[in-house]
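Hi,

Here is the structure I said I would send over. Have a look at it first, and then read on for what turned up when I went through it.

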Amino acid sequence: MDKLRKYDIVFSGLKDGKHSFQFEADQEFFKQFDTEQEFTNPRIIADVLMEKHSTFLEFWIRTSGTVNLVCDISNENFDYPIDHTIKVLVKFGEEYDDSEEDVITIPQHDHAFNAAQLIYEDVMLSVPMKKISPDIPEETLQELEKYSAQEEKTEEPENDPRWDALKKLRDKN
């Protein structure tokens, strides 16, 4: 985790107001996390804008760049553009808590906030579930759609006959 220290944003000593930071996220960055990535050769820049207030911090993290994916259809590699922004509110409390979606609580005595986890999650969530190369012709995609499994819509009866007998018993009482 010491390699992720360079993603620390030291806010103590800064005046209230907006401050900008920039970080790179490359293959070495993603190796620090214990999960398997579905991409290779990430070339990501994270632009972080922090607005310091007297009692809390606001962060806007914009990740942009490319990752290399393998197409689900052709098995060819292609570069996929990443460009996403998240906003996170950091407040001070007794202990670290990230259970809320857009609010992170850090201990009162902390003097820095590490943005590595937020950058990592933002990139990971920007990668699509279906990885389709932009080089696949639209006609091919339409042809494949014809043969893909379709969900059958089954109509359910208005009244479930299994419950009708029980409803009759209830109505008699």
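**What turned up**

Let me start at a side chain: a polar atom of the Ser-126 side chain sits 2.7 Å from the backbone oxygen of Asp-122. Keep in mind throughout that this is a predicted model.

Ser-126 belongs to helix α2, which covers residues 116-126. Is Ser-126 buried or exposed? Its relative accessibility is 16%, so it counts as buried, the cut-off for that being under 20%. Setting aside neighbours within four places in sequence, Ser-126 is in contact with Tyr-80, Ile-82 and His-84.

Now for the strands. β5 (residues 77-93) and β6 run parallel, with five bridges joining them. Strand β6 spans residues 103-107, and because five of its five residues are buried, it is largely enclosed by the rest of the structure.

Then the charged pairs. How many salt bridges does the structure hold? There are six, and here are some of them.

- Lys-131 and Glu-38: the closest N and O atoms of this salt bridge are 2.7 Å apart. The pair links distant parts of the chain, 93 residues apart, with Lys-131 in the loop between α2 and α3 (138-147) and Glu-38 in the loop between α1 (27-31) and β3 (40-52). Lys-131 is buried, with a relative accessible area of 7%, whereas Glu-38 comes out at 52% relative accessibility and so counts as exposed.

- Arg-43 and Asp-79: in this salt bridge the closest N and O atoms are 3.2 Å apart. It also ties together distant parts of the chain, since Arg-43 is in strand β3 and Asp-79 in strand β5, 36 residues apart. Arg-43 counts as partly exposed at 36% relative accessibility, and Asp-79 is partly exposed too, at 42%.

- Lys-146 and Glu-143: here the closest N and O atoms of the salt bridge are 3.5 Å apart. Both residues lie in helix α3, three residues apart, which is about one turn of the helix. Lys-146 is exposed at 60% relative accessibility, while Glu-143, at 35%, counts as partly exposed.

Cheers

Methods:
Residues numbered from 1 in each chain as written. Predicted model: local features only at pLDDT ≥ 70, side-chain atom pairs only at ≥ 80, totals over all residues. Heavy atoms only, no water. Buried < 20%, exposed > 50% of the residue type's maximum accessible area, 1.4 Å probe, protein only. Helix = DSSP H or I, 4+ residues; strand = E, 2+ residues; numbered from the N terminus. Pairing = 2+ DSSP bridges. Polar contact = N/O pair within 3.5 Å; in protein donor to acceptor, adjacent residues only side chain to side chain. Contact = heavy atoms within 4.5 Å. Salt bridge = Lys/Arg side-chain N within 4 Å of Asp/Glu carboxyl O.
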